[in-house]
Amino acid sequence: MTAKPDHVTFDISGMTCASCSARVEKVLSRQPGVAQAHVNLALERADIEGDGLDPSELAEAIGRAGFGAVLRRDDFAAHRDADEAQAATRRADERQTLLRLVISALLTLPIVIGMLPMMTGLGEAWISPVWQALLATGVMAVSGSRFWREAFGALRGGSANMAVLVSLGTGVAYFWSLWVMIRGWGDPHAGHGQSMASHLHFEAAAVVLTLIMLGKYLEARAKSGAAGALRALGRLQPDTAELKTLSGSVRTVPVERLAVGDVIVIRPGMRVAADGVILTGSSSLDEAMVTGESMPVSRGPGDPVITGTTNTDGVLEVEVTAAGADTRLARMTRLVEEAQTGHAPVQKLVDRISAVFVPLILVIAVVTFAGWILTGADFETAMVAAVAVLVIACPCALGLATPTALVAGTGAAAKAGILIRDIETLERATDIRLVAFDKTGTLTMGTPEVAGLYPVAGTSPNELLRLAGSVETGSEHPLGRAILAHADEAGIPITPASGIRAVPGRGLEGMNGALKIRVGSERFLMETGIDTSAADATGVRDETGTLAWVAEADRLIGVIRLADKLRPQTRQALADLAARGLTTVMLTGDNEATARSIAAEAGVSDVRAGLLPGEKLDVIRELAKSTGGHVAFVGDGLNDAPALAAANLGIAMAGGADAAREAAAITLMRPDLRLVSAALDVAAKTRRTIRQNLGWAFVYNLIGIPLAAFGILPPVFAGAAMAFSSVSVVTNSALMARWKPRFSKG
């Protein structure tokens with residue numbers, strides 16, 4: 001028996017406004033086993049979390065509510081295919097909407113031109129009531145039918161949405177006009193000219209539907225652009241790869257067939273089909289779409305390659321290290337999806353309003369009608385005011401305000417190489433006051449080199465390097481790799497020590513025959529009772545750099561000094577943060593002198609040196625307390641994971657440890673520290689766009705509904721205003737998709 005999933009995703013069709021998404025969310029939340037349901041109107045997607053979910057039952061529940069649901073399979077290729085299928089459906093809907101718009105406009109234009117003299121008070125209408133009725137009927141059939149169908153589906157599912165308001169408003173105007181015209185034919189005293197035309201509102205029904213269809217078309221165009229980044233990511237992985245067989249031949253296979261350990265051939269112009277390491281060949285790879293790096297990057301044997309990047313010149317043979325859903329591209333796509341389907345805190349208020357919005361507008365329309373009647377107005381005047389209320393009060397703008405901005409903002413950030421985990425990250429990123437940085441691998445290149453050997457009396461430099469290297473064979477730390485690389489360059493043979501053991505935050509120890517070798521910080525040696533004063537005579541304490549202290553048995557045998565270089569963008573990145581009014585702090589396990597030297601070069605005034613991983617965590621908590629919980633931490637190593645998780649905003653560097661990336665809320669896809677400031681910038685701009693959208697949507701309704709109710713805003717202008725509100729919100733969000741990081745000149 002197949003186990004029931006704890007997470008399912010559906011593509012939802014038939015949603016037209018915030019009331020629709022709120023209805024789907026409410027229906028899903030009531031289903032057995034559902035703990036949480038998020039419905040994104042902009043992406044037309046529902047994400048459901050729970051325990052033992054039954055996809056078929058959930059799909060049936062969505063269907064009963066009047067909407068369509070297609071289950072997404074939980075793998076990268078399936079998500080990519082689903083995105084493409086959804087994009088194709090949207091394009092087809094966009095074309096159909098454009099066709100409806102063009103036909104409706106052609107039918108509406110003669111009515112407007114014919115009624116222009118009467119509407120401007122310059123004379124009688126140029127178009128007869130019969131032609132008005134025929135043309136308006138065509139508009140109702142072409143464009144009105146869409147809203148009638150959507151309204152019927154919503155009402156059948158027990159909800160009311162934007163289509164209900166539009167159908168009710170335009171339907172009342174159309175059928176009232178039809179009744180007046182038919183009644184006039186049967187009443188010899190009613191007249192057939194100017195007197196009858198003044199009581200017809202065919203132009204209102206036709207113009208409102210045409211304008212709303214225009215709004216729907218422009219909205220569809222803008223929504224498609226805002227969601228383009230996610231589809232672009234999905235298209236990066238090729239469908240096939242050239243697999244090298246054991247016999248040495250090459251055959252083309254689907255990427256789904258690739259497994260770890262396979263060897264694939266990547267020719268010039270081809271995209272990399274899986275993450276891997278280059279075995280043979282050298283080339284330049286275009287990583288712009290994955291990491292945001294604008295210039296091609298040179299790669300050779302032993303270098304990693306990323307799925308979705310483009311090989312520009314040489315032929316490469318690559319051993320696959322990750323395929324399918326395990327690649328960096330797949331993880332990146334999942335992060336972007338998760339961020340785009342989240343709910344901002346302010347969205348909860350919007351959802352509550354949307355759930356009661358349409359019923360409330362129906363009540364306001366009834367009250368408007370009754371109010372005009374009670375004040376002595378005739379039926380027609382009351383009806384026109386009520387229709388205007390129904391037409392102008394569309395909750396589309398409210399429902400689209402947050403998700404469209406979120407989709408565009410996170411998509412633009414991903415294009416620039418900034419992965420944002422969720423909507424809460426955007427909220428936190430806008431309130432940061434202090435940014436703390438790890439030193440090694442973050443502010444610096446993380447590729448230190450041996451800068452000096454300082455053996456104590458009785459030990460040769462080669463012996464110091466040999467013994468230290470024997471223990472470092474069990475380390476993946478950059479300092480250990482630097483020591484081994486230096487020994488290799490010097491031609492010193494290294495025999496691995498036995499029983500190598502890492503002491504977290506301190507160093508390594510292992511056995512060289514019967515003697516224990518320790519390599520690490522001075523603090524490490526002193527804690528084991530080893531006297532380090534013999535190093536005073538070597539002059540090493542006057543030097544800067546990271547010091548690796550080496551002891552044999554209970555005796556110090558020397559110190560190895562290692563130096564690391566600042567990343568090229570470090571000074572500019574820190575200057576950019578300072579220009580934003582942010583404080584910067586450097587945290588490191590290095591000694592005070594080395595830390596101060598690097599900090600001075602980087603431009604950091606606040607330095608915390610000699611820290612163990614646990615002490616870094618304590619410092620982050622202390623800084624968070626002093627700033628009111630507005631601290632970001634930037635790191636890349638395994639020992640940075642606790643601090644990244646504890647910070648209000650954790651930012652992990654690309655190429656760092658998996659644990660660091662998992663603990664971080666933001667991942668930088670390339671090691672460019674200027675992206676830290678860019679991440680804060682895109683977060684602030686996205687939140688600002690969300691607030692602008694919501695502000696516009698709320699103010700629009702607060703002003704528009706009273707104007708319509710008091711008869712100041714006729715139905716034609718109400719329809720134009722309603723269409724403009726949705727288009728303006730989506731267009732404002734779509735502008736976010738054009739965001740690119742702007743770096744100061746450094």
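Author: Two strands count as paired if DSSP finds at least two bridges between them; the strands are DSSP runs (E, at least two residues), as are the helices (H or I, at least four residues), and both are numbered from the N terminus. The model is a predicted one, in which local features need pLDDT of at least 70 and side-chain atom pairs count only at pLDDT 80 or more, while totals for chains, interfaces and linings use all residues. Residues are numbered from 1 along each chain as its sequence is written, and side-chain values use heavy atoms, with hydrogens and water left out.

By that criterion, strand β9 (residues 283-286) is joined to β10 by three bridges, and the two strands run antiparallel. Within this pairing, leucine 285 has valine 297 of β10 as its bridge partner. Both strands belong to an open sheet of three strands, ordered β10-β9-β12 and paired in antiparallel fashion. The edges of the sheet are β10 (297-299) and β12 (310-311); each has a single partner strand, so one side of each is left without a neighbour in the sheet. In a regular strand, the side chains alternate between the two faces of the sheet.

Strand β8 (residues 275-280) brings in two further pairings. Five bridges connect β8 with strand β13 (residues 316-322), in an antiparallel arrangement, and aspartate 275 finds its bridge partner in alanine 322 of β13. Two bridges connect β8 with strand β11 (residues 304-305), again antiparallel, and here valine 277 has proline 304 of β11 as its bridge partner.

Aspartate 11 and arginine 45 are both buried, where buried means under 20% relative accessible area, exposed over 50%, and partly exposed in between (1.4 Å probe, protein chains only).

Other salt bridges lie within a helix. Arginine 596 and glutamate 592 have their closest N and O atoms 2.9 Å apart, and because they are four residues apart in helix α20 (residues 592-602), about one helical turn separates them. With relative accessibility of 39%, arginine 596 is partly exposed, and glutamate 592, at 41%, is partly exposed as well. In helix α18 (residues 522-527), arginine 523 and glutamate 527 are likewise four residues apart and therefore about one helical turn from each other, and their side chains form a salt bridge at 3.6 Å, N to O. Arginine 523 is partly exposed at 35%, as is glutamate 527 at 47%. A network of salt bridges links Arg501, Glu509, Lys516 and Arg518.

Rings of Phe, Tyr and Trp (its six-membered ring) pair if their centres lie within 6.5 Å, and planes under 30 degrees apart count as stacked, over 60 as edge-to-face and the rest as tilted. The structure holds five such pairs. In one of them, tyrosine 174 and phenylalanine 202 have ring centres 5.8 Å apart and planes at 65°, so the pair is edge-to-face. Since tyrosine 174 lies in helix α5 (residues 162-186) and phenylalanine 202 in helix α7 (residues 202-226), the pair ties together parts that are 28 residues apart in sequence. Tyrosine 174 and phenylalanine 202 are both buried.

Another pair, tryptophan 176 with phenylalanine 379, is tilted, at 5.0 Å centre to centre and 35° between the planes. Tryptophan 176 is in helix α5 and phenylalanine 379 in helix α12 (residues 379-392), so this pair ties together parts that are 203 residues apart in sequence. Tryptophan 176 is buried, with a relative accessible area of 14%, whereas phenylalanine 379, at 43%, is partly exposed. Trp176 and Phe379 also belong to one aromatic cluster together with Trp179 and Phe369.

Conventions: A salt bridge is a side-chain nitrogen of Lys or Arg within 4 Å of a carboxyl oxygen of Asp or Glu.
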